[in-house]
Amino acid sequence: MVDLPGETPLAGRLAVVTGGTRGIGRGIAERFLRDGAAVIATGTRPDGKVPTGARFAQLQLESDESVEAFCRLIEKEAPDIVVNSAGVSSPQTWDAIDVATFRRNHQINLVAPMLICKAAIPGMKRRQWGRFVGITALSGTFIGRKTRAAIAAAKGGLDALHATIAADGAQDGILANCVAPGFIDTDVIKELFKPDEIAAIAAKIPMKRMGTIEEIASLVGFLCGPENTYITGRQIVIDGGYTRTL
Amino acid sequence: MRRFAGKLAVVTGATRGIGRAIAERLIAEGADVVGTSTSSADGLPEGARHEAVRFDDPASTARFCERLAALGPHVLVNNAGIALPQTAEELTEEDLRRVHEINLIVPIRLCQAAAGPMKRHGWGRIVNVTSIWGPMSRVARGNYASTKSGLDGFTGVLAAELAPHGVLANCIAPGYTETELIKKIFAGDKLKALADTVPMRRLAQPGEIAAFVAWLASADNGYLTGQNILIDGGLSRLREV
C-alpha cells in the first residue's frame with residue numbers, strides 16, 4: 001500500500017524562512033503555510049509584511065546583534081525546518097572589487113546562515129527530525145559570470161555548509177540540501193533588468209521563459225516535507241534547462 | 001493527492017523493485033499505468049495494465065515502441081535495466097552490447113516514441129532511472145556506469161529539445177535501494193555491512209525513490225529539467241574520514 005501524504009503534510013511543524021517578505025522566500029513561506037506549517041518569516045525592515053498566517057521576525061543579516069538575537073529566538077522556538085533564502089548580490093568587476101563589499105556579502109550570504117543553522121541543529125537532534133534548505137544560485141557551483149565573485153563564492157560556500165550539516169545529521173533524521181534556482185520571475189529581476197533584457201534572457205533558456213516563485217517553492221516544499229526521506233547533501237538545479245544547455 | 005488523474009503513464013520493469021514502487025505510486029495518485037516486464041505479469045501492481053516486452057530483442061522493442069506511440073503517454077519512466085558486474089578486462093563484447101542495448105538504446109528508443117505524443121499533448125514528463133554508478137565509480141561497474149552516464153547525456157539533450165513543448169526530462173540516480181535484487185547480491189550480513197557504508201546507515205526503500213519520481217513526473221514540477229538527481233542518503237558526497 002502506498003502511504004500518500006495528506007493535504008497538510010507539514011501540520012505540526014515549525015518552519016523558519018529568511019527573506020520571507022518578498023520573492024522566493026515569501027513564496028516558500030506561503031507554500032509552507034499552505035502545507036500546514038507554522039512559519040516564522042524574516043525581513044530586514046521593522047514593518048516587514050509577511051504572508052498572512054506567518055509570524056514576522058526582523059532580521060538584518062549584516063548585523064551581528066540582529067543575527068544573535070534571531071539565533072536566540074531559533075534556539076527557543078526550535079524549528080523543524082530552516083530555509084536560508086535571504087541573500088544579496090554585490091556585482092563588482094575584478095578591478096573594482098573591495099574587501100568591505102566582499103565581506104558584507106559573505107556575512108549575509110554565508111556567515112549569518114551558518115549561525116542560523118547552528119542554532120537550529122540541537123532542537124532537530126532532540127526531535128530526530130529536521131530539514132535544511134539553502135537557496136543558492138547558478139553562480140557558485142554551476143556557472144561563472146563576470147562581476148559575480150562575491151555571490152558565487154558565498155553560494156558555493158552555502159552549498160558546502162549544507163553538505164557538512166547533512167554529514168553531521170545523517171543519523172539523526174536531519175536532511176540538508178540546497179536549491180539553485182535559475183532565472184526566476186521576481187520583483188528583483190524586474191528591478192535589475194529592463195523588459196527587453198528579460199526577453200533576451202528568456203530566449204536563452206530552453207523552456208523560453210523564466211521560472212516562477214511557486215515552481216521553486218514546490219521543490220523546496222518537497223525537500224522539506226515528509227516525502228523526502230533520502231535526498232541529502234545535494235544541490236539541485238531548477239532552471240528550465242539553462243545551465244546544462246549551450 | 002491525485003496528481004495523475006486522467007494521465008497515462010508507462011513504466012518499464014514494473015513488476016519488482018523500484019519500477020514496481022513507481023507504478024504503485026502513480027496508480028495510487030490516479031494514473032492509468034502500463035507496466036512492462038519480460039514475460040509474466042507476476043508482481044505487477046494491482047490496477048496496472050501489463051505489456052510483455054523483451055528489451056534484449058530489438059524486434060520486441062520496436063513493436064513496443066509502436067504501441068507506445070499509439071498509447072501516447074503523458075509520463076514515461078524508463079526504469080528497466082540490468083547489471084552484470086565485470087571488470088574492464090573481464091568484460092566480453094557480448095555483455096557489453098547486451099547491457100548497452102537494454103540500459104541505453106532501449107530507453108532512448110522509448111523516449112523517441114513517446115516524444116511525439118507528449119509534444120502533441122503540450123505536456124509530458126520523462127524520468128529515466130540512472131544510478132550513482134556514473135557520477136560515482138566502483139570496480140566492475142564500468143559497463144553499467146557507461147550505460148547510465150550515456151542515458152544522463154541523452155536525457156540532458158532531450159530536455160533541451162522538448163523544453164519549448166512543455167515536456168520535462170530528468171534522470172534520478174538512486175543509491176543502494178532495498179530491492180529483491182540487492183538482497184540476492186548482498187545476502188545475510190552483507191546487506192547490513194552495505195547499509196553501514198551509507199551516511200544514513202540504511203538503504204533506500206523503493207517507495208522513497210518513487211516519491212521523488214512522482215514529484216518530478218507531476219505538474220508540481222514545472223521548471224526542473226535536464227538534471228540527473230542523486231537520491232542516495234548522502235552516500236556519494238558525504239564521507240566519514
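Predicted model: local features only at pLDDT ≥ 70, side-chain atom pairs only at ≥ 80, totals over all residues.
Which residues make a nonpolar surface patch of about 190 Å²?

1. Val111(A), Met114(A) and Leu115(A) make it, and its area is about 190 Å². If you want a place to begin looking, Leu115(A) sits in helix 3 of chain A. Its relative accessibility is 32%, so Leu115(A) counts as partly exposed; the partly exposed class lies between the 20% limit for buried and the 50% limit for exposed.

2. Next, the largest pocket. It holds about 1,500 Å³ of space. Its lining has 49 residues, and those closest to the centre are Arg22(A), Gly87(A), Val88(A), Ser89(A) and Val188(A).

3. Helix 5 of chain A gives the most, with six residues.

4. What is the lining of the largest pocket like by class? You will find 20 nonpolar, 16 polar and 13 charged residues there.

5. Now turn to the second largest pocket, with a volume of about 1,200 Å³. Here 45 residues form the lining, and Gly81(B), Ile82(B), Ala83(B), Tyr144(B) and Leu181(B) are the closest to the centre.

6. On chain B, helix 1 (17-28), strand 2 (32-37), helix 3 (93-121), helix 4 (142-162) and helix 5 (180-185) each give at least two residues to the lining of the second largest pocket. The largest share comes from helix 5 of chain B, which provides four residues. By class, this lining divides into 20 nonpolar, 17 polar and eight charged residues.

7. Is Ala31(B) buried or exposed? Its relative accessibility is 9%, so Ala31(B) counts as buried, the limit for that class being under 20%. You can find Ala31(B) in the loop between helix 1 and strand 2 of chain B, two elements that both contribute to the lining of the second largest pocket. For a sense of distance, Ala31(B) and Arg138(B) are 107 residues apart in sequence, and their C-alpha atoms are 37 Å apart in space.

Methods: Residues numbered from 1 in each chain as written. Chains lettered and ligands numbered in written order. Heavy atoms only, no water. 1 Å grid on protein atoms, 1.4 Å probe; cavity = no way out; pocket = protein on both sides within 12 Å on 5 of 7 lines; lining within 4 Å. Points joined across faces, edges and corners; volume = space filled by probe spheres on them. Nonpolar A, V, L, I, M, F, W, Y, C, P; charged D, E, K, R; others polar. Patch = residues over 30% accessible without salt bridge, like charges linked within 9 Å, V, L, I, M, F, W, Y side chains within 5 Å. Areas by Shrake-Rupley, 256 points an atom, 1.4 Å probe, with all protein chains shown as cover. Salt bridge = Lys/Arg side-chain N within 4 Å of Asp/Glu carboxyl O. Buried < 20%, exposed > 50% of the residue type's maximum accessible area, 1.4 Å probe, protein only.
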